[in-house]
Amino acid sequence: MPSWLIGVLIALVLGLAATFYFWMIRRRQDETAAGLLALAALRWRDFSRLVLSSLQLRGLQRLSFKPEDVRNQHPSYLLGDGQGKHVLLSCKHGTAYRIGSVAIEELASEARLRGAHYGILATEGVVDAAGREKAERSSVEVLDGASLWAEVKPMLDSATVQRVVGQANALARRRIGLCWILALLIGVLLSTVLTVNDADPPSASQSASTPAPAPAEQRATTSALPQASQPAAPRARPADQELAQQRAQVARALATTGGLRQPTWISGSTLAVDVLASEAVVMAAVCAELARHPDLALSRIQLNPAPGSSDRIRWRQCEAPPLAAPPAKS
């Protein structure tokens, strides 16, 4: 698969995931938070009236119309569902409320004293885990957070709802736009890295299967060889099949020689061996075997260090075999 296509797919996946999260999940959370702040800005009378109006959609009607204690600002209302069942509603206005099991127990006790079948607690604050557990056991319904906003949202005026929803939508769009830009940058960066890696030369782990360039010391060694050791006239190059057979013979012969192991032709002109003895011993054995095949005598020899050794890979070359003396003239 092309590297640019991989980058495009990664950018699409990241962008779509961010879009789903910020629009389907985080936007609703932001809308709820902004809605609760809007409710907290209302007066207590307006807040309780909104809750009572929302409960009327359930068929609950207010039964008691006693004067409200505005100094207390969280009285209880007795509601009825038209079938003889009574419900006690308690409104705690403000986002600073952190309601626990004690407040839930007080509401449940008051509901029993006033003959209510269950109670409803509405607040912009938070009911902790202990309070929720107590509410489940005491027949108390909790309206807070998202549940409260969903309950009173239809009762609010359209201007307030549009303002709250518009703020949440605008924030979600900004976040989604930034995430798409970041996803595109990640995709471009990833495709660039993959392209560079594809163009890189083979790593050190592949050096056993590819010929390595001769170091400077090898070039100096070959240049220092006496001119007399070079062949005076070029030899006729044998067929490739014959050369392959000669290389196989050299590898088989060296496999049984001590001081080295794993003789392998990594190219047509390079023989690699693992050095187990001194370099002089290994070179003597290898050059003696290569001398049996003149066409391979000048092959490059790659000396791999023994396992666990800190030595580096070295390259050597055997001296050319002496030329045969020309026949004497009669």
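Asp 144 sits in the loop that runs between β7 (140–143) and α5 (145–152). This is a predicted model, and in it Asp 144 counts as buried because its relative accessibility is 6%, with the cut-off for buried set at under 20%.

What does the Asp 144 side chain pair with? One partner is the side chain of Arg 132, joined to that of Asp 144 by a polar contact of 2.7 Å. Another is backbone: the nitrogen of Val 127 is 3.3 Å from a polar atom of the Asp 144 side chain. Setting aside neighbours within four places in sequence, the residues in contact with Asp 144 are Thr 123, Gly 125, Val 126, Val 127 and Arg 132.

## His 93, another buried loop residue

Look next at the loop between β3 (86–92) and β4 (98–99), where His 93 is found. His 93 has a relative accessible area of 16%, so it goes down as buried.

Its side chain has a polar contact of 2.7 Å with the side chain of Glu 124. A polar atom of the His 93 side chain also lies 2.8 Å from the backbone oxygen of Leu 42. Once neighbours within four places in sequence are left out, His 93 touches Leu 39, Ala 40, Leu 42, Arg 43, Trp 44, Phe 47 and Glu 124.

## The disulfide and other cysteines

How many disulfides does the structure hold? There's 1. The bond runs from Cys 287 to Cys 318, with an S to S distance of 1.9 Å. It ties together distant parts of the chain, 31 residues apart: Cys 287 belongs to helix α9 (residues 279–290), while Cys 318 is in the segment after β11 (314–317). The torsion about the S-S bond of Cys 287 and Cys 318 is about -90°, which means the disulfide is left-handed.

Cys 318 is buried, its relative accessible area being 4%. Elsewhere, Cys 91 is buried too, at 0%. Cys 179 counts as partly exposed, because its relative accessibility is 22%.

## A nonpolar patch on the surface

Now for the outside. Which residues form the nonpolar patch on the surface? They are Met 1, Trp 4, Val 8, Leu 9, Leu 12 and Leu 16, and together they have about 650 Å² of accessible area.

Met 1 belongs to the segment before α1 (3–40). Is Met 1 buried or exposed? With a relative accessibility of 68%, Met 1 counts as exposed.

Conventions: Residues are numbered from 1 along each chain as its sequence is written. This is a predicted model: local features need pLDDT of at least 70, side-chain atom pairs count only at pLDDT 80 or more; totals for chains, interfaces and linings use all residues. Side-chain values use heavy atoms; hydrogens and water are left out. Patches are made of residues with over 30% relative accessible area and no salt bridge: like charges are joined within 9 Å, nonpolar side chains (Val, Leu, Ile, Met, Phe, Trp, Tyr) within 5 Å. Accessible areas come from the Shrake-Rupley method with a 1.4 Å probe; for residues, only the protein chains shown count as cover. A salt bridge is a side-chain nitrogen of Lys or Arg within 4 Å of a carboxyl oxygen of Asp or Glu. Helices (H or I, at least four residues) and strands (E, at least two) are DSSP runs, numbered from the N terminus. Buried means under 20% relative accessible area, exposed over 50%, partly exposed in between (1.4 Å probe, protein chains only). A polar contact is a pair of N or O atoms within 3.5 Å; within protein, one must be able to donate a hydrogen and the other to accept it, and residues adjacent in sequence count only if both atoms are side-chain atoms. Contact means heavy atoms within 4.5 Å. A disulfide is a pair of cysteine sulfur atoms within 2.5 Å.
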